[in-house]
Amino acid sequence: MSLNIVIGAQWGDEGKGRIVDYLAAGADFVARFNGGDNAGHTVNVGSRIFKLHLVPSGIVHPHTTAILGNGMVINPRTLIEEMTALRAAGVSIAPQRLHISPAAHLITPAHRALDNAWEAARGKKLLGTTGRGIGPAYRDKASRHGLRMADLLAKDFRERLQAHLLEANQNLKMLSAAELEVEAEIESYLNQTSRLALYIRDIATELSLALKQGQSVLAEGAQGTLLDLDHGTYPFVTSSTTVAPAALTGLGLGITAARDAGVMGVTKAFQTRVGSGPFPTEIKGKTSERLRGTGANPWDEFGTTTGRPRRVGWLDGVLLRYAVRLNGMTDLIITKLDILSGKGRIKFCTGYTVNNTLVHDLPGGADGISVCKPVYEEIPGWTEDISQVRRWKDLPKNAQKYLERISAVAETPIKLVSLGPEREQILEL
């Protein structure tokens with residue numbers, strides 16, 4: 001068996017897309033297992049930039065089969081737009097290459113409308129959702145009256161969709177939000193979904209058989225550990241399970257599939273977050289502007305999905321160690337080390353003070369960090385441009401020391417280091 005799982009070790013946006021693209025060169029299957037189009041994975045291949053929200057990043061490799069798992073919630077319009085854009089770029093999106101679980105849930109216009117209406121009703125207590133309908137879709141799933149990909153094949157799907165939209169209008173009316181034009185939405189939605197029926201496959205059986213036959217599966221997580229519904233900074237979290245065990249339930253794999261699995265946690269060399277919620281190491285001023293960039297470059301710290309500027313701060317070793325434990329990480333992957341070039345001193349959080357007491361682990365889980373004050377180590381920086389470095393010995397000594405310190409605090413070896421947005425700008429350790 002050969003199952004490898006790529007997980008975000010922070011609040012998402014760690015650069016998982018390009019790492020999955022890099023690792024997919026050696027995979028037979030690339031599989032998304034959670035989330036929806038609130039995720040945004042950017043892949044740079046030469047002069048081409050792919051911004052993917054649903055299709056697994058590894059599909060740009062022609063030998064891979066891409067899987068959308070049952071743990072996902074899928075907006076058909078977004079999926080078709082991505083498929084069209086990939087075809088235009090010369091990527092094959094035939095039904096033989098892209099398979100969708102019949103148990104994946106559908107996002108409808110009702111879910112998007114309700115998402116925005118509920119967020120508006122919160123007033124100043126915003127959760128910072130993307131407005132993509134993710135939460136309402138998972139809510140329908142949990143309450144057992146959602147629509148699934150398998151329903152597209154049912155003769156009465158139109159009637160089911162109509163009932164779903166009419167019920168949503170009742171809720172929108174109570175929220176004083178604009179109601180949906182039901183018949184127009186039905187026609188548009190049916191036109192979109194009718195194009196996806198050929199892609200529905202029994203992906204759980206397919207992947208189980210592939211692993212038994214010795215093929216390799218690369219499971220791609222969306223968002224990050226600290227946004228996990230149970231283990232993240234609740235309530236400022238996403239609506240799905242984002243930690244590594246979700247790869248099994250989100251793809252229909254048994255626990256023995258993970259017996260020899262590799263779990264690779266992706267973390268930036270600093271910390272970022274989009275939206276509301278606690279952030280102990282957040283910084284302001286010129287240093288934050290330096291780390292974030294201006295937004296003129298796709299590599300800058302602006303959300304792939306929302307376009308919102310990301311909050312930035314120093315790397316938090318306490319949260320990183322927490323993510324390592326939750327996921328059972330076997331390796332770390334560090335991204336954006338190049339952004340720290342030119343910083344005279346780099347701060348690294350290795351502990352917190354809580355009520356004047358020093359702690360090195362989370363008090364009560366991630367949702368308790370709002371009362372934590374970071375304790376920093378200062379590490380000498382480096383001035384050299386490292387974007388073209390391809391060997392460990394060619395990294396500046398201070399860059400080596402910083403990576404070694406991250407590995408020591410996380411108690412996990414570093415496998416890859418990203419030094420720029422391109423495929424070839426990755427250093428293997």
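How far is the sulfur of cysteine 372 from the closest cysteine sulfur? I get 8.8 Å, to cysteine 349, which is too far for a bond.

I note that this is a predicted model, in which local features need pLDDT of at least 70, side-chain atom pairs count only at pLDDT 80 or more, and totals for chains, interfaces and linings use all residues. Residues are numbered from 1 along each chain as its sequence is written, and side-chain values use heavy atoms, with hydrogens and water left out.

I searched the whole structure for disulfides (cysteine sulfur pairs within 2.5 Å) and found zero. Cysteine 349 is in none. I then checked burial (buried is under 20% relative accessible area, exposed over 50%, partly exposed in between; 1.4 Å probe, protein chains only). Cysteine 349 is buried at 0%, and cysteine 372 is buried at 5%.

Next I looked up nonpolar cores (buried Ala, Val, Leu, Ile, Met, Phe, Trp, Tyr and Cys joined through side-chain atoms within 4.5 Å). The largest has 56 residues, and Leu337 and Tyr402 are among those with the most contacts inside it. A second, separate core has 53 residues, including Phe157 and Ala168.

Last, I took helices H3 (residues 109-121) and H5 (residues 157-174). Their axes, lines fitted to C-alpha atoms over the stretch in contact, come within 10 Å and cross at roughly 15°. That makes H3 roughly parallel to H5 (angles under 35 degrees).

Conventions. Axes are lines fitted to C-alpha atoms, for helices over the stretch in contact, and angles run from 0 to 180 degrees between N-to-C directions. Helices (H or I, at least four residues) and strands (E, at least two) are DSSP runs, numbered from the N terminus. Angles under 35 degrees count as roughly parallel, over 145 as roughly antiparallel, 65 to 115 as roughly perpendicular and the rest as oblique.
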